Amino acid sequence: MAQTEVMPVAQEPLIGRPGDPCVMVIFGAAGDLTRRKLFPALYNLARQNLLSREFAVVGLARNPMSTDEFRQKVAQDMKEFATGDVDPSLSDWFVRHTHYLTGDFGDPQVYSQLKALLQQVDNDHCTHGNYFYYLATAPDFFGSIVEQLAAAGLMEENKEQWRRVIIEKPFGRDLESARALNQQLLRVAREQQIYRIDHYLGKETVQNILAFRFANGIFEPIWNRRYIDNIQISVAETVGVEKRGGYYDRSGALRDMVPNHIMQLISLTAMEPPISFQADAVRDEQAKILHAIQPLSSEDVLSRTVRGQYGEGVVDGHRVPAYRAEQDVPPDSRTETYVAMKLQIDNWRWADVPFYLRTGKSMPVRNTHIVIQFRRAPFVLFRGTQVGDLTPNQLVLHIQPEEGISLHFAAKVPGPVMHLGGVNMNFEYADYFGKLPSTGYERLLHDCMIGDATLFQRADMVEAGWSVVSPVLDVWKALPPRNFPNYAAGTWGPREADDLLARDGRHWRNFEK
């Protein structure tokens with residue numbers, strides 16, 4: 001066996017144990033996700049000493065290319081898409097550890113060639129026979145690729161060697177297809193080998209929700225229906241559909257964001273304390289929350305959900321075309337680009353606390369946040385003063401673009417008259433802990449390399465998320481929208497979304513740029 005090539009000394013301090021020796025096989029390696037996210041993330045792991053010295057990448061795609069041509073492409077992409085300065089020696093080491101195979105995902109012969117190439121890579125880079133497969137492909141290929149890997153013996157594990165597969169979203173397009181895909185995968189692989197990735201969970205603030213809740217004695221005792229009035233989860237994007245109109249028009253905002261990203265945020269925010277941070281202990285509690293969400297009846301869908309589609313408008317000072325004028329979008333499209341919903345969780349902690357969620361394209365700002373709004377304090381003390389109203393306290397978890405936490409509370413304005421003013425205490429990760437270059441994929445790739453599935457969805461979680469949105473999909477399909485487009489690009493969505501909260505005497509917390 002060849003000797004391990006020494007990785008150049010990385011510039012960042014070690015902040016965890018390095019990943020296991022392994023080969024990462026990327027199906028769809030010629031695509032945008034690989035060059036914009038995956039390779040920069042792997043480079044960042046190497047820079048932080050979190051990538052094993054016994055590591056290699058095999059790219060597989062239909063694009064005809066030699067390994068030398070692929071390496072030239074990787075080197076160029078690294079310079080273009082790296083999240084920080086590139087160390088030439090470390091970049092060269094990484095490039096020398098990449099290989100390429102041209103082939104069609106449906107051709108069984110390709111998997112025989114892949115098996116032979118992996119044996120060669122094992123010998124060249126001492127990767128110990130550990131492989132993980134990243135499916136950066138169209139969803140139609142997910143099940144068949146894993147079946148072909150299993151047929152070629154590339155999913156077989158033993159005590160010394162592991163095999164894992166990372167699957168990108170979307171995981172199904174409804175409950176029925178998600179369930180069928182789970183069954184297809186589990187016929188040839190164990191649940192412990194399947195890592196259903198959600199890159200939102202690579203965000204520091206998302207991971208910090210658990211630490212924030214369960215490591216601080218001042219918050220967990222009030223994290224319940226006695227003290228919390230409502231919870232709002234917003235995922236706002238300034239971009240439209242860009243060049244993905246064909247894909248997006250078959251998906252829509254509901255399928256694209258709610259069963260995965262938003263359900264994960266809900267479950268982490270609302271879950272009970274797990275007995276440990278072991279993967280299944282955490283995911284057991286997340287699954288319980290998803291199963292406890294009240295099913296929506298057809299009448300509930302009409303009264304508790306809102307859909308929207310953006311029209312022409314202005315975003316960030318630039319005029320934006322209507323969704324129906326975007327490339328590859330039909331001029332009479334009924335696909336939603338905005339969703340708002342009111343959900344209830346049927347358990348002791350959250351009974352009667354509404355969870356409001358919304359997500360949309362072409363919004364005024366790019367901002368993902370969770371607002372924990374507490375109940376108002378009694379007003380009796382302030383009768384007969386200049387104070388006219390008491391503003392409820394709000395705790396805000398900012399997820400992107402800036403990651404941090406803020407707390408809004410009231411304080412007396414200096415002077416002889418009792419007058420209250422709002423105060424914000426802000427914490428940003430970069431100010432306290434510095435800022436590591438990140439694509440959002442580093443933590444997730446590293447977790448797969450060490451076998452930690454905590455931040456990946458389990459089969460039952462995926463199906464529970466789809467169970468929540470299935471009644472909405474059914475009603476919306478039966479009753480097409482009549483008023484699209486119903487919000488201008490660059491605004492906070494349709495008026496009906498404001499009405500959804502106004503009926504309960506509440507309003508959305510918006511953040512300006």
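This is a predicted model: local features need pLDDT of at least 70, side-chain atom pairs count only at pLDDT 80 or more; totals for chains, interfaces and linings use all residues.
**Figure 1. Pro170 sits in the loop between β5 and α6 (175–186).** Residues are numbered from 1 along each chain as its sequence is written, and side-chain values use heavy atoms, with hydrogens and water left out.

Figure 2. As background, most residues other than glycine have a negative phi, and most peptide bonds are trans.

**Figure 3. One cavity of 30 Å³ or more turns up in a search of the whole structure.** A cavity means a set of points on a 1 Å grid, over the protein atoms alone, where a 1.4 Å probe fits but cannot get out, and a lining residue has an atom within 4 Å of a point. Grid points are joined across faces, edges and corners, and the volume is the space filled by probe spheres set on those points. The largest cavity comes out at about 100 Å³. Its lining includes Ile167, Glu168, Lys169, Phe171, Arg196 and Trp466. Helices α8 (245–270) and α13 (459–478) each bring at least two residues to this lining. By type, the lining splits into six nonpolar, two polar and three charged residues, where Ala, Val, Leu, Ile, Met, Phe, Trp, Tyr, Cys and Pro count as nonpolar, Asp, Glu, Lys and Arg as charged, and the rest, Gly among them, as polar.

**Figure 4. Six strands make an open, parallel sheet in the order β3-β2-β1-β4-β5-β6.** The edges are β3 (98–102) and β6 (194–196), each with a single partner strand, so one side of each has no neighbour in the sheet. Strands count as paired if DSSP finds at least two bridges between them. From one strand to the next, the twist averages 20°; angles run from 0 to 180 degrees between N-to-C directions, with axes fitted to C-alpha atoms (for helices, over the stretch in contact). β4 (131–135) and β5 (163–167) pair in the parallel sense over five bridges, and Tyr134 has Ile166 of β5 as its bridge partner. Helix α1 (32–47) packs on the sheet, touching β1 (22–27), β2 (55–61) and β4, with its direction at about 170° to that of β1. Contact means heavy atoms within 4.5 Å. Helix α3 lies across β2 and β3 and runs at about 35° to β3.

**Figure 5. Helices α2 (67–81) and α3 (88–96) pack at about 145°, with axes 9 Å apart.** Arg71, Val74, Ala75 and Met78 of α2 meet Ser91, Phe94, Val95 and Arg96 of α3. These contact residues divide into five nonpolar, one polar and two charged.

**Figure 6. Asp249 is part of helix α8.** Asp249 and Ser333 lie 84 residues apart in sequence, but 7.5 Å apart in space, C-alpha to C-alpha. Leaving aside residues up to four places away in sequence, Asp249 touches Tyr323, Val329, Pro330, Ser333 and Thr335.

Terms used
On a 1 Å grid over the protein atoms alone, a cavity is a set of points where a 1.4 Å probe fits but cannot get out, and a pocket is an open set with protein on both sides within 12 Å along at least five of seven lines; lining residues have an atom within 4 Å of a point. Helices (H or I, at least four residues) and strands (E, at least two) are DSSP runs, numbered from the N terminus.
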